[in-house]
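Subject: Structure for your review

Dear colleague,

Please find below the structure that I am handing over to you. My notes on what was found in it follow directly after.

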Amino acid sequence: MRAPLDISDAELAVAARQGDQDAFAHIMRRHKGWLYQFIRRYVADKDDAYDVLQESFVSAWGALSRFDPERPLEAWLRRIALNKCRDRARRSAVRRAALSVLGWLGAQTEQAPTAENAAAADQALKRLDAAIGNLPMALKEPLVLTMLEGMSHKDAGEMLGINAKAVETRVYRAKKQLATVLDPSDLSDLMSKGE
């Protein structure tokens, strides 16, 4: 067998489809870094992101028979991960609604910022991640794909099944909604991207 770096994703997927677990392990090693980053931005919590990453690879293993080797494996894996993120968000929304009805969901208190700039930046990032996590799906998905994943409006639209103008509009609305819940300093980096 050739060195894994010399083998294409399509070849690895075909081998994995035929039961070669080593081939699938190579796929996981090759793609886990960027896929985790995608999920981390979407889910916002690092522990949940690891869970979704594992769920995504388990689903990919089970769905290998449906993978088309003529198409990019990266796009296929991203679609699976996006679906897993959506599933997690739906479950989380149901859980939050149930807790709210039971009166167990209290208002979150923010910790006072520390004197260190790094700690303040970390807190701002956490607030931003939480705010993005609370956006409606229709706004969150275009925002994450374009602003955080660097996809064009056209590519994000194709992935989401909407046109590029709809992506642009939803990203604008997402930014406006974030602006209502975050400090301007939390948004400065995000608002400057993708203009």
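Which residues touch the most other members of the largest nonpolar core? In this predicted model, they are Leu 35, Phe 38, Ile 39, Trp 76, Leu 77 and Leu 143, and the core itself has 46 residues. The elements that give two or more residues to this core are H1 (9-17), H2, H3, H4 (73-102), H5 (117-133), H6 (137-148), H7 (153-160) and H8 (164-181), each of them a helix. Helix H2 gives the most, with nine residues. As general background, nonpolar side chains in soluble globular proteins tend to be buried together.

If neighbours within four places in sequence are left aside, Leu 143 is in contact with Ile 132, Leu 135, Leu 148, Val 171, Ala 174 and Leu 178.

The structure holds five aromatic pairs. One of them joins Phe 24 and Phe 57 edge-to-face, at 6.3 Å centre to centre and with 85° between the planes. Phe 24 belongs to helix H2 (residues 21-43) and Phe 57 to helix H3 (residues 46-62), so this pair ties together parts that lie 33 residues apart in sequence. Phe 24 is buried at 6% relative accessibility, and Phe 57 is buried at 5%.

Phe 24 also pairs with Trp 61: the ring centres are 5.0 Å apart and the planes stand at 65°, so this pair is edge-to-face. It links Phe 24 in helix H2 with Trp 61 in helix H3, 37 residues apart. Trp 61 counts as partly exposed, because its relative accessibility is 34%. Phe 24, Phe 57 and Trp 61 form one aromatic cluster.

Charged residues are also found over aromatic rings. Arg 78 lies over the face of Phe 38, at 5.4 Å from the ring centre. The charged end of Lys 140 sits over the ring of Tyr 42, 5.1 Å from its centre.

Apart from its neighbours within four places in sequence, Ser 56 is in contact with Ile 39, Ile 80, Ala 81 and Lys 84.

Yours sincerely,
A colleague

Methods. Residues are numbered from 1 along each chain as its sequence is written. This is a predicted model: local features need pLDDT of at least 70, side-chain atom pairs count only at pLDDT 80 or more; totals for chains, interfaces and linings use all residues. Side-chain values use heavy atoms; hydrogens and water are left out. Rings of Phe, Tyr and Trp (its six-membered ring) pair if their centres lie within 6.5 Å; planes under 30 degrees apart count as stacked, over 60 as edge-to-face and the rest as tilted. Helices (H or I, at least four residues) and strands (E, at least two) are DSSP runs, numbered from the N terminus. Buried means under 20% relative accessible area, exposed over 50%, partly exposed in between (1.4 Å probe, protein chains only). A charge sits over a ring if NZ of Lys or CZ of Arg is within 6 Å of the ring centre and within 35 degrees of the ring normal. Contact means heavy atoms within 4.5 Å. A nonpolar core is a set of buried Ala, Val, Leu, Ile, Met, Phe, Trp, Tyr and Cys residues joined through side-chain atoms within 4.5 Å.
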